[in-house]
Amino acid sequence: MAKFKRELPCGCIVAVDYDGNARVIYCSKHGAAPDLYDALGSILGYAEERESEILKIGGRAAKWYGEAINKARKALANAEGES
Ligand SMILES: [Zn+2]
């Protein structure tokens with residue numbers, strides 16, 4: 001039984017029990033974060049292997065590809081506390 005319980009806007013629930021133990025019940029998005037992190041790392045690894053050949057093509061596809069890779073790098077760095 002929780003002494004204090006609050007639902008965050010995302011759907012995660014923070015609860016503090018009467019014995020002082022705190023816990024978080026994750027929403028579906030945050031509960032999936034470890035799997036998303038691993039998947040993004042795998043996708044980024046593949047994308048970086050192909051990056052130079054895609055960027056040589058140029059145009060909108062290369063621009064989108066470069067932006068997507070940068071977003072993925074930034075998201076992984078944020079998850080690792082590097083930003
Ligand atoms: Zn959440």
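1. A residue is called buried here if 20 or more other C-beta atoms lie within 10 Å of its own, exposed if 12 or fewer do, and partly exposed in between, the C-beta atoms being placed from the backbone. With 14 C-beta neighbours inside 10 Å, Leu36 therefore counts as partly exposed. Leu36 belongs to helix α2, where helices (H or I, at least four residues) and strands (E, at least two) are DSSP runs numbered from the N terminus.

2. The model is a predicted one, in which local features need pLDDT of at least 70 and side-chain atom pairs count only at pLDDT 80 or more, while totals for chains, interfaces and linings use all residues. Residues are numbered from 1 along each chain as its sequence is written.

3. The protein chain is divided into domain 1 (1–30) and domain 2 (32–83), with bounds that come from an automatic or database domain assignment. Between the C-alpha centres of domain 1 and domain 2 there is a separation of 32 Å.

4. Three strands make up an open sheet in the order β1-β2-β3, with antiparallel pairing, two strands being taken as paired if DSSP finds at least two bridges between them. Because β1 and β3 stand at the edges and each has a single partner strand, one side of each is left without a neighbour in the sheet. From one strand to the next the twist averages 15°, angles being taken from 0 to 180 degrees between the N-to-C directions of axes, which are lines fitted to C-alpha atoms, for helices over the stretch in contact.

5. Strand β1 (residues 2–7) pairs with strand β2 (residues 13–17) in the antiparallel sense over five bridges, and within this pairing Phe4 has Val16 of β2 as its bridge partner. The two strands form a hairpin with five residues between them, and Gly11 in the turn has a positive phi of about 115°. Of the six residues of β1, the number buried is zero, so this strand lies largely in the open.

6. Val16 stands opposite Ala22 in β3, and Val14 stands opposite Val24 in β3. This second hairpin, formed by β2 and β3, has four residues between its strands, and Gly20 in the turn has a positive phi of about 90°.

7. Arg23 is a residue of strand β3, and it counts as exposed because it has 11 C-beta neighbours inside 10 Å. Although Arg23 and Ala2 are 21 residues apart in sequence, their C-alpha atoms are 9.6 Å apart in space.

8. Turning to the helices, α2 (residues 33–57) and α3 (residues 59–79) pack at an angle of about 150°, with their axes 9 Å apart. Their crossing is left-handed, a term used if the near helix is turned anticlockwise from the far one by less than a right angle, with right-handed used if it is turned clockwise.

9. By class, the contact of α2 with α3 has 16 nonpolar, three polar and three charged residues, where Ala, Val, Leu, Ile, Met, Phe, Trp, Tyr, Cys and Pro count as nonpolar, Asp, Glu, Lys and Arg as charged, and the others, Gly among them, as polar.

10. Two separations can be read alongside this packing. Leu36 and Gly59 are 23 residues apart in sequence and 29 Å apart in space, C-alpha to C-alpha, whereas the C-alpha atoms of Asn78 and Ala33, 45 residues apart along the chain, are separated by 13 Å. Asn78 has its place in helix α3 and is exposed, with 10 other C-beta atoms within 10 Å.
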